Amino acid sequence: MTPSRTLATTGRVLSQIRHDPRTIALLLLVPSLLIGLVAWIFSETTVFQSVGPAMIALFPFIVMFLVTSITTLRERRTGTLERLLSMPLGKGDLILGYTLAFGLLAVLQSSIAVLFAITVCGLDIEGPVWLLVAVAVADAVLGTTLGLLASAFARTEFQVVQFMPVIVFPQILLGGIFLPRDQLPDVLRVLSDWLPLSHAVDALNAIATGSEDDAYVLGELLIILAWIVGAVILASATLRRRTP
Amino acid sequence: MDTPAEPAVIVADLHARRGTHPVLHGLGLRIPARQVVGLIGPSGSGKTTLMRAIVGVQVVQSGTVTVLGRPAGSAWLRRRVGYVTQDASVYDDLTVRQNLDYFRAVLGAGRSDVARVIEQTDLGASARQLTGSLSGGQRSRVSLAVALLGSPELLVLDEPTVGLDPVLRRDLWTLFHGLAAGGTSLLVSSHVMDEAARCDGLLLMRDGDILADDTPAGLLAATGTADIDAAFLRLIGDDDPDARKEPR
């Protein structure tokens with residue numbers, strides 16, 4: 001791995017996205033619009049105040065996983081992935097290059113989503129907003145790195161998309177969005193403790209309600225970061241230069 | 001044909017399957033250095049699988065592939081082997097120059113290399129265009145230009161002249177021979193038999209086996225035919241069942 005190759009990859013991914021207005025819109029605006037839709041649905045109730053923070057975790061996470069999967073799927077389809085892996089590009093250069101590019105977009109995306117949820121949708125945040133943005137960014141980057149991990153595991157282009165129901169949906173169901181995690185059956189609650197999205201939702205809820213101190217939130221943030229680092233390392237180790 | 005002592009590629013007893021389908025079953029061959037060697041055969045004959053094995057991106061079941069004296073796919077080879085896949089492996093949503101700039105950075109080649117390969121592939125007029133907006137022939141030339149970056153010692157080109165007009169095809173073959181004269185070894189696949197005549201050496205392939213390994217002239221002499229198409233038919237015994245024999 002070399003910094004110049006990693007950064008060249010980051011620059012290349014950002015140049016590609018710059019040429020693709022629809023992906024920019026999907027990345028930057030769609031999570032906010034979906035949060036707005038949820039707020040609208042529940043506008044006559046107090047539900048949005050309780051599920052709003054989770055929505056800031058959910059939509060950027062899904063959108064990032066999706067965009068990353070699709071981008072790497074295209075790398076496979078067009079043969080550029082195979083070409084890159086026949087060149088002196090470290091597998092880590094590719095994974096980290098993508099993570100940095102989408103990480104930069106995640107900062108923009110999450111800032112917009114948080115700002116939109118607070119100012120337009122009227123979500124009340126008791127804790128520090130910067131911390132909310134920080135957790136939201138980490139959560140979006142988590143979506144990216146899990147997308148990269150899924151596509152690294154995939155041996156064929158179709159497997160990339162097949163991983164989505166396996167990796168993303170259980171995290172949504174067990175993340176405390178449908179039912180608070182402490183009300184889940186014991187086995188599922190333990191399982192949900194091990195899933196990173198649960199920790200993002202917990203952290204965002206804690207900041208929104210001000211129920212926990214910053215140290216708790218930073219601890220949750222650390223768990224998410226550990227998942228990000230783990231996914232990047234595992235994805236780099238799993239990517240195969242040779243395919244059948 | 002005088003063959004340099006050290007072949008660019010040596011393949012021995014290679015078994016490989018594409019997906020679940022066995023394609024190569026015990027294939028062996030030598031590709032001489034500093035020549036343009038044509039890998040000729042119908043589609044489905046295993047050309048691409050063989051090329052992928054040489055580049056080191058193909059999972060092989062058994063056998064050895066030695067490239068420039070090293071096992072295929074080893075890290076040392078990654079800047080010394082250029083590979084052009086059948087479909088242009090370039091980013092459609094980047095300009096020609098952005099594509100070349102990125103792959104140049106990956107290869108660690110000098111900055112002046114981009115201008116050189118644009119010149120070699122005659123892409124100067126479209127360098128600022130999005131690659132996806134180019135014609136199929138132009139896109140495949142962008143893919144070729146990427147493979148030329150860093151002046152690799154071995155070029156593996158899978159059907160690089162498909163869909164090109166005769167003038168461009170002639171220019172590319174001139175480029176290939178110019179590169180070989182400069183010391184590059186080239187393996188060029190084609191299913192167009194008339195391209196075979198432009199190669200220094202020929203590997204005729206069918207059903208995962210090498211039917212013949214000869215020069216174009218040697219092949220015609222051995223089969224007693226007037227063109228490569230007829231030679232191919234003679235080799236597979238399709239023109240006359242009694243004529244099936246190995247040349248040399």
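Predicted model: local features only at pLDDT ≥ 70, side-chain atom pairs only at ≥ 80, totals over all residues.
A salt bridge here is a side-chain nitrogen of Lys or Arg within 4 Å of a carboxyl oxygen of Asp or Glu.

With the rule in hand, look at R74(A) and D93(B): their closest N and O atoms lie 2.8 Å apart, so the pair qualifies as a salt bridge. In total, two salt bridges are found across the interface of chain A and chain B.

Which elements of chain A supply at least two residues each to the side that touches chain B? They are α1 (3–18), α4 (47–77) and α5 (80–85). The most comes from α1(A), which gives seven residues. Sorted by class, this side of chain A holds 10 charged, nine polar and seven nonpolar residues.

Now step back to the interface as a whole. Contacts link 26 residues of chain A with 34 residues of chain B. Between them the two chains bury about 2700 Å², and 53% of that area is on carbon and sulfur atoms.

Let's finish inside chain B, at strand β6 (residues 81–84). V81(B) and Y83(B) point one way from this strand, while G82(B) and V84(B) point the other way, and all are buried. β6(B) pairs with strand β7 (residues 154–158) of chain B in the parallel sense, over four bridges. To trace the pairing on your screen, pick V81(B): its bridge partner in β7(B) is L154(B).

Terms used. Residues numbered from 1 in each chain as written. Chains lettered and ligands numbered in written order. Heavy atoms only, no water. Contact = heavy atoms within 4.5 Å. Buried area = accessible area lost by both parts, 1.4 Å probe. Nonpolar A, V, L, I, M, F, W, Y, C, P; charged D, E, K, R; others polar. Buried < 20%, exposed > 50% of the residue type's maximum accessible area, 1.4 Å probe, protein only. Pairing = 2+ DSSP bridges.
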